[in-house]
Structure formats: C-alpha cells, structure tokens
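Here is a friendly look at charged side chains and how they pair up. Keep the sequence and the model side by side as you read.

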Amino acid sequence: MTKPDPHHHHDAVAKRLKRAEGHLRSILQMMEEHRSCLELAQQLHAVEKAISQAKKVLIQDHIDHCLQDAVGDLDVDKQRTIDEFKAITKYL
C-alpha cells in the first residue's frame, strides 16, 4: 500500500515552473530579435520572481505537512513552537 502524497502544492509549483519555462523560451526569442536590454531585464526579473515563488511554495508545503507528520502529536507548548516556526518561515 502506498503512502498518500503529503505534498499538496506540487501541482501549483509545477504550474509556476512551466510558466517560467515558457517565459524563458520567450526571452531567448526576444534575444534573437535583438530586443532592448530593458525589455530582457524586465522579463528575466519576472522569471526570477516566478521561480523564487515556486521555491517558497515548495518549502512552505514541506514545512506545513512533512514537519508536522514527523513530529506527530505534541503538547500545547511544543505545538505552539512548531506553529510559530511555520509562521516565521513565511518571511524568508
């Protein structure tokens, strides 16, 4: 029997990465068309942000689900510490 996949947001991460992949192809085409450096930089910035957001969602998903599964049921004080850890990682 297989264990259910705890990674609830992998589809969202894959969708973001596919979008970034499409943007990268567009940027390469823009370069072949000798588009301005400003336009290229803007598009590269957008790709960078998309990948960064995908990474953030992946890490947050791991923390939200895998960490909780690993530590199991905790007393109130320890669970509060885990919840605070989860909350503070959103600022990374």
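## Where Arg35 sits

Is Arg35 buried, exposed or partly exposed? Arg35 has a relative accessibility of 36%, so Arg35 counts as partly exposed; here buried means under 20% relative accessible area, exposed over 50%, and partly exposed in between, with a 1.4 Å probe and protein chains only.

## About the model

This is a predicted model: local features need pLDDT of at least 70 and side-chain atom pairs count only at pLDDT 80 or more, while totals for chains, interfaces and linings use all residues. Residues are numbered from 1 along each chain as its sequence is written, and side-chain values use heavy atoms, leaving out hydrogens and water.

## The salt bridges

Side chains of opposite charge can pair when their charged atoms come close. Searching the whole structure turns up four salt bridges, each defined as a side-chain nitrogen of Lys or Arg within 4 Å of a carboxyl oxygen of Asp or Glu.

One of them joins Arg80 to Asp77, with the closest N and O atoms 3.0 Å apart. Both residues belong to helix α3 (residues 76–89), three residues apart, or about one turn of the helix; helices are DSSP runs of H or I, at least four residues, numbered from the N terminus. Arg80 is partly exposed, at 43% relative accessible area.

Salt bridges with shared partners link Glu33, Arg35 and Glu39 into one network. Between Arg35 and Glu33, the closest N and O atoms are 3.3 Å apart; between Arg35 and Glu39, they are 2.9 Å apart. Glu33 is partly exposed at 42%, and Glu39 is partly exposed at 27%.

Definitions and conventions:
Helix = DSSP H or I, 4+ residues; strand = E, 2+ residues; numbered from the N terminus.
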